[in-house]
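Please look over the structure shown here together with its sequence. The report that follows takes up individual sites, a helix pair and the chain as a whole.

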Amino acid sequence: MSFQLPPSALTPTRDDSLRSGSISFNTGVGPTSQSHPIQIPPTRSPSTSASSYRTPRLSPGSSGGGGGMNGLAMSSMPPLSLPEAFLEEQSDYSEYYSDVGIQRQHQHQHQHQRQFQHTTPIFTNNSMYRHQTMDYPSTGPLSHQVQHRGESMFLPSPRLSPTTSPLTGDFPALSLDESVSTRESLGSQFNTEAILARPEAYYQGHPQAPIESFLMPSQEQYPPDSVILYGGSAALSENSIFRKDSKEYLLLTNSTLLRYKTMEKAAKIFGNQSIWSSTSGHQLLTPQQTGQITKDHRVLSLNSIVGVHSFQAAGSDAQIHVEYLVSISSQPASMYFTPPSDQVDAWLEQLKQGCNYHAPQAGVIPKGSRQRQWVLDRLRDDHIALPQSVAENDPTALTSGGMWRAHFMSQKIKGVPILDNNSSESKVHLEGKTIVIAVGKSFIHILPHNLGNGSAKDDMKDERMILQYPLLTTKAILYREKDDTFSLVFGTTLRQRRVVMTFASARAREIIIAIRARVESLRWLYPHGRKGIELSLPESISKPIPVPSKEYMPDLGFEDLLRAECYAMSVDRKTYNNVKVDGFTITVGKTGEGPDKRDYSVDEMKCLLRALRFNTTFKEISFNNISFASLQKPKTMKDGTVRYGLRLDKEFYELVMGNPQIRVLDLRNCNLDTSTIGSIGRAIRDGYSAGLRLEYLDLFGNNASDGADVMTLAKGIVKHAGTLHGMDVGNCQITGDGINQLMHAFVANPDVASHTLETFSIQGNEESKVNSFILDMFLKHSMRLQHLNISGLPSWSKSPILMGETLANCGGSLTSLDLSGMAIHSSSLEQILSWISSSSFQHMELLKFEGCGLDGVQLASILEAVGQSRNAKVEVHAGRNLLSGGNDLPEALVNTLANGDGFTSLNLRQTCWSEQALRQLFVSVGQNWSIKRLDLSAVSLVSNRDPDVETCKLLGQMLSAPSSRLEELNLQGEETPVLTSRMGKNLWRSFHGVGQSRYLTKLNIRRNRLRDEGAHALAEALRVNQSLLWLDMDENDVTLDGFNAILSAFHQGGTDNVPTGSLYYNSTLCYFETPTKDIERQSAMLKESMLETYKTEQETRFLLSNSTGKDSREWKERLAQIIRTRNQSSESIARLDRSIKGIAAATERNKAAQDAVQRDRERRRDREMDRERDRDSQY
């Protein structure tokens, strides 16, 4: 593919008549001369009859009729608005706001009319979400006036991409600004609610045809040497192709540079010499005049020119350098001449115009050439994508890249202080030579001119001189329009250096536009002016460049941009293998695999955030458990330079502001500082007017200690009180009235009668001062609140924490309430009991009072109230409370546990008991008919030892009691350097109750150190148990013998390793958690034993080789024993693996059998229902 440019983008002409229409020339000399027009046919598109392109997607409900552009309802977003005061405050982002279409309030709007030439669109009758095709015949233009506002409306939206119609006229009349203005004028017809109502799949879109690119002008209707563009005398310098110290007369035609000794000799052939040095008109030559041009008069062909540039040494006149090709395979030659000072600019202008307008091959690598194919084949692995099989005159997207010739003038490196100078020159092999610039998919390649034309040996030699710069390292493009020289500024990560390369090329504009197009095709969602390149260009080539629509891409180019950013920052793309994209959700995981996972470095995170910026694909962004703490700190390098960390406040501000589609932002445990939290609050406040509607914000585990930042966050919440469904600011080190400000924010919006919050968590902010009245007011407006977590807050006064009436009126939807870690006084307990007795408690599913200082009597009153409410769904968590006080259980709690009816789930984890109180607990629960779930994980005794044998036997009796309906039991232990909390090694004494239990389906005995003795007892219990479905027994120091015993329980008569005479075997256990820790521990021990055996074996072999007689026989026997021991260890590892796989296979067998039984029951039920329907139909 190739691309072409419009005349105004390539030819700096001052008169449109030079492009189409008429060209005038003078018939005489002097001011009385008369101008006669000569008609020139206008430049035509390669298309002969009609051209077609795909329009932006039509909005739902658009019809196929209508005339002109009024028939379109463009898929654009409505104009955005921000307060004037805010825009003045955020001056750093003012350019961004103007680029993304955010308008100042009360800004004066004016109308601007522009004529567009096109025909009546003809729409195809497709689905409302498909693209419509618009055909433009070559005849029958229809004038259509478009009104638009003055401000820019470039919107980074997945529904909108910059598009233009096929360019057939002047470049300024077909700029993107007008296309954007057209969309803006139609934006008033667009319904914002329709955007939100569109299906999810709409944002993925469908492929669009590439946008018609800029057409490069051509004047092929003029025969060679048929137009004289310019002429004048030139003072010749040394090393030129002319005679030394001589002057000659030069004539520039539309194809050749000619030379004559004097102007008079040229006039004898061509006449009209007075206009040769004038830009007012060009002379057309007759065939007779053209035929008089001989070979000796031809200096060079315009198609052979590589670049033209001027040079002026101190104290001398300006000199024009022309770099041109003698042949493709040889190094190009140079030509120098010095015209009069008043003609230098005119010569440069006409030479440039001649190359761009009349010499389509100047500076271009011809298609089909060996060199072009070599570059394509060799650099394809370097992510270069160049057009290959496209006709020369076909317009194509600029983003395909390209290849051009240029003259490498100089290279400078800035940023390295040398002798108190801020810039230095660094000579490279290609400097001062003609080179090839290849703009690829992700890189800019600078290659030797003859690369690919010589022998393979020469190619390999020149290949080492290739310069390669990632596209996104391009920091600036500077263009000297006077002589087509331009500079590319590349950034580096080393000492913040910048490499400035200056080139001269006849195709300078094409190269610049191609580089811009490739960068903008990667950052196509970035607002214009935020593409990352500083432009010093004329207006004609600094306007937005149309790029192909990427709506068909599920991630809107995120993957391509991330890869390009990795090249620019020298980061391995594999670093982001744990970044998962699932539809509209992106989840960032730690980099690395397995235990080697780590947080991201500064450059790695910068790449990721740059790729996410302005990307409107993702509605859910999660950085859960990604630490940013080290990314904000400056780092001193080995050379003494300081590399500053990321400005996370600005990064997250742009992340939120650049994507108004964000609905969920998960920053849990990210260690963000307080300024970043404030910046996020400012972004969600400012982004509301840009269309942001945040639904869930998780800031748990970050630092929000600054009151001003919390206030800013609260101001943002005010805007989103009607959209936020969930918010977690737990453990954020919020101090003072910060929590009060956040709660008040949800009721401070006068436009929101009741906020939409469903989940609210403020736990763990120990330095905050929560006001009970503000909490009460917040809850009264919480009509949808389902989950409330206020655990770990500082001690409250003796006034009630929560009012029972308030909880009862809290919308009736509260399902989870966490009061853990808060001292509950009697007045607060009365209010809670009153609420439990109300009808609104029927929706509750979780009630937590862990670590609240409750005694046994208070817990009994809560359990009794829960039982009377008849809410069988609620789980009561009362762990970390001293229920026995080191003595017997209170009689009230014993009676409630034994006779209570209604509560079904009780969590008493991390509780401390006396031996007698624990026994009373087991006896009482064994008499309860309603408890189905009991959590006694990490329990401990006051004596700081494991429960004795008698206590464990009572646990077994609790499980096998006739009245027990216990289905789930959690006895997981916990080990810390300070305290060991577990049932301990005597727990296996209770396993006889597991075997006799009729209802137990889930058992967790993890981390109790049962060893093989406990495993054998558990195997016997599993053999006779017919109810257990799920078992976790890891971290119990079980070895191969214990796992063999477990395996034997699944087979009638046991196994070869553990035979038994019992005819029973387990057929119900379907889920056996793999004992990973025990396997690792046992394997490590066996491998360590093998290593020690190997060392002993080597020593024994050495002694055996140096001994004789009786000693030799003894060492040989010892060596045989060592080898047997090592082989036994190796075999033990294999047998352990077979045992675990055997247990897994047995549980899979049980699961398959139970699934078959379930399917059979369903079939029987279906048949019975069919019979009932048949009987009913008969009557």
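## An exposed lysine

In this predicted model, lysine 769 has a relative accessible area of 60%, and because this value lies over 50%, the residue counts as exposed. Lysine 769 belongs to the loop that runs between strand S34 (759-761) and helix H19 (772-780).

When residues up to four places away in sequence are set aside, lysine 769 touches Gly736, Asp737 and Asn740. The C-alpha atom of lysine 769 is also separated by 8.5 Å from that of leucine 793, a residue 24 positions apart from lysine 769 along the chain.

## A buried asparagine

Asparagine 1150, which lies in helix H30 (residues 1109-1178), has a relative accessibility of 2%, and since buried means under 20%, asparagine 1150 is therefore classed as buried. Leaving out residues up to four places away in sequence, asparagine 1150 is in contact with Phe1050 as well as with Asn1066, Ser1067, Thr1068, Leu1069 and Cys1070.

## Packing of H15 and H16

Helix H15 (residues 648-657) packs with helix H16 (residues 674-686) at an angle of about 25°, and the axes of the two helices are 8 Å apart. Because angles under 35 degrees count as roughly parallel, H15 and H16 are described as roughly parallel to each other, and the crossing in which H15 passes H16 is right-handed.

On the H15 side, the contact is made by Leu648, Asp649, Lys650, Phe652, Tyr653, Val656 and Met657. The residues contributed by H16 are Ser675, Thr676, Ser679, Ile680, Arg682, Ala683, Ile684 and Asp686.

## The chain as a whole

The chain has 1179 residues, of which 53% are buried, and its secondary structure comes to 30 helices and 48 strands. Among contacts with a separation of 6 or more, 75% are between residues 24 or more positions apart. The chain exposes about 52100 Å², and carbon and sulfur atoms supply 48% of that area.

## Confidence in the model

The mean pLDDT of the chain is 76, with 72% of the residues reaching 70 or more. Over residues 238-243 the pLDDT is below 50, although this stretch has 15 contacts in the model beyond near neighbours in sequence. Residues 418-424 also have a pLDDT below 50, and this stretch has nine contacts beyond near neighbours in sequence. Where pLDDT is low, the predicted coordinates should not be read in detail.

Terms used
Residues are numbered from 1 along each chain as its sequence is written. This is a predicted model: local features need pLDDT of at least 70, side-chain atom pairs count only at pLDDT 80 or more; totals for chains, interfaces and linings use all residues. Side-chain values use heavy atoms; hydrogens and water are left out. Helices (H or I, at least four residues) and strands (E, at least two) are DSSP runs, numbered from the N terminus. Buried means under 20% relative accessible area, exposed over 50%, partly exposed in between (1.4 Å probe, protein chains only). Contact means heavy atoms within 4.5 Å. Accessible areas come from the Shrake-Rupley method with a 1.4 Å probe; for residues, only the protein chains shown count as cover. pLDDT is the predictor's confidence in each residue, from 0 to 100. Axes are lines fitted to C-alpha atoms, for helices over the stretch in contact, and angles run from 0 to 180 degrees between N-to-C directions. Angles under 35 degrees count as roughly parallel, over 145 as roughly antiparallel, 65 to 115 as roughly perpendicular and the rest as oblique. A crossing is left-handed if the near helix is turned anticlockwise from the far one by less than a right angle, and right-handed if clockwise.
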